[in-house]
Amino acid sequence: MPIQARAGGCAALVMMLAATPAAADDPRDVFGSRWQVGGFVYVSPLFEGSKSYGAIGFPFLAPAGLASADGTVQLKGADDLRLRLLKAGALEIGALTGYRFGRDGDDVTQVVVDDVDGGLVLGAFAAYRAGALALSLSYHHQVTGDDTGGLIRFGLDYTTRLSSKVKLTTEVGTNYATQDYMTAFFSTGGFDAEAGFKDVYISATASVDLSDRWTLHLIGRYAHLIGDAADSPIVETESQLYGGLALSYKFDWSR
């Protein structure tokens with residue numbers, strides 16, 4: 001599994017790291033005097049269907065917390081940072097953002113394809129939460145770079161605190177891709193990929209409080225391409241792995 005350096009997406013991912021501290025129940029954490037500094041590394045396939053992987057790594061400086069301890073903000077993936085705007089009983093509704101990675105046509109060896117520019121993702125979600133379980137529906141649309149359409153994501157997640165210092169969320173789900181998405185990422189000169197379910201996945205995110213100031217953040221995901229996505233001539237393997245690791249240090253500007 002070759003891994004090479006990968007550029008792009010840093011601004012959106014920095015924004016995402018700003019929202020992944022340990023419990024942020026101190027009012028100074030929310031755009032106040034308390035901040036966090038650290039580094040982040042994210043690994044993903046060079047393109048959907050690739051056997052080769054790329055990595056990006058960079059430092060970040062961000063507010064120590066944009067969320068309350070009850071999950072107002074949730075990080076679920078590179079294109080899925082969620083901000084809850086409304087909570088009515090078990091129903092939650094909110095907005096989301098993130099980054100969608102593009103594709104360098106030269107990385108595709110099976111057939112000749114064009115480059116696809118990645119960009120900022122915006123969207124919305126609704127979730128029904130019953131205790132530790134939550135069923136969610138979300139929409140993710142790329143709004144900068146190339147117009148690669150949207151994804152509709154169905155997910156079921158379970159959140160548990162393994163200890164006073166470790167919080168873990170696991171999720172299973174599937175993505176329905178619009179025609180524009182399938183055309184951009186899976187169609188070729190001789191193959192027209194149609195809109196439909198493109199993958200099923202399982203993921204896990206965890207934050208580990210190493211101390212009052214140091215926090216380790218972990219993201220892992222396995223996706224299996226299905227339907228026209230799996231049948232595309234560009235695909236080298238249907239199995240796709242994603243992972244991220246960040247270490248942050250919390251400090252107070254007032255000191």
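Two strands count as paired if DSSP finds at least two bridges between them. Keep that in mind as we look around this model, which is a predicted one.

**Strands side by side**

Let's start with strand β9 (residues 150-161) and strand β10 (residues 166-177). They pair in the antiparallel sense, over eleven bridges. To see one spot in that pairing, find threonine 159: standing opposite, in β10, is threonine 169. Getting from β9 to β10 takes a hairpin of four residues.

β10 also has a partner in β11. Those two run antiparallel as well, with twelve bridges joining them. Here you can pick out glutamate 171, whose bridge partner in β11 is serine 203.

Glycine 77 sits opposite aspartate 80 of β5, and the hairpin between β4 and β5 has two residues. How many residues of strand β4 (residues 73-77) are buried? Five of its five, so the strand is mostly covered, where buried means under 20% relative accessible area.

| Strands | Sense | Bridges |
|---|---|---|
| β9 and β10 | antiparallel | eleven |
| β10 and β11 | antiparallel | twelve |

**Two residues to look up**

Isoleucine 152 belongs to strand β9. Is isoleucine 152 buried or partly exposed? Its relative accessible area is 27%, so it counts as partly exposed. Beyond its neighbours within four places in sequence, isoleucine 152 touches Leu137, Ser138, Tyr139, Thr174, Asn175 and Tyr176.

Phenylalanine 251 is found in strand β13 (residues 239-252). Because its relative accessibility is 18%, phenylalanine 251 counts as buried. Its C-alpha atom is separated by 5.5 Å from that of tryptophan 35, although these residues are 216 residues apart along the chain.

In soluble globular proteins, nonpolar side chains tend to be buried together. In this model, the largest nonpolar core has 19 residues, and those with the most contacts inside it are Tyr181, Met182, Phe185, Phe186, Leu225 and Ile234.

Take a closer look at tyrosine 181. Leaving aside neighbours within four places in sequence, its contacts are Glu48, Arg100, Thr148, Gly149, Gly150, Leu151, Phe186 and Lys198. There is also a second, separate core, made of twelve residues, with Phe40, Phe101, Ala223 and Ala246 among them.

**An enclosed space**

Rolling a probe the size of a water molecule over the atoms shows where empty space is left. A search of the whole structure turns up one cavity of 30 Å³ or more. About how much space lies in the largest cavity? About 470 Å³.

Its lining has 32 residues, and the ones nearest the centre are Tyr42, Ala78, Asp79, Arg221 and Tyr242. Sorted by class, the lining holds 13 nonpolar, seven polar and twelve charged residues. The largest share of the lining, four residues, comes from strand β11 (residues 196-209), the strand that runs antiparallel to β10.

Conventions:
Residues are numbered from 1 along each chain as its sequence is written. This is a predicted model: local features need pLDDT of at least 70, side-chain atom pairs count only at pLDDT 80 or more; totals for chains, interfaces and linings use all residues. Side-chain values use heavy atoms; hydrogens and water are left out. On a 1 Å grid over the protein atoms alone, a cavity is a set of points where a 1.4 Å probe fits but cannot get out, and a pocket is an open set with protein on both sides within 12 Å along at least five of seven lines; lining residues have an atom within 4 Å of a point. Grid points are joined across faces, edges and corners, and a volume is the space filled by probe spheres set on the points. Ala, Val, Leu, Ile, Met, Phe, Trp, Tyr, Cys and Pro count as nonpolar, Asp, Glu, Lys and Arg as charged, and the others, Gly among them, as polar. Buried means under 20% relative accessible area, exposed over 50%, partly exposed in between (1.4 Å probe, protein chains only). A nonpolar core is a set of buried Ala, Val, Leu, Ile, Met, Phe, Trp, Tyr and Cys residues joined through side-chain atoms within 4.5 Å. Contact means heavy atoms within 4.5 Å.
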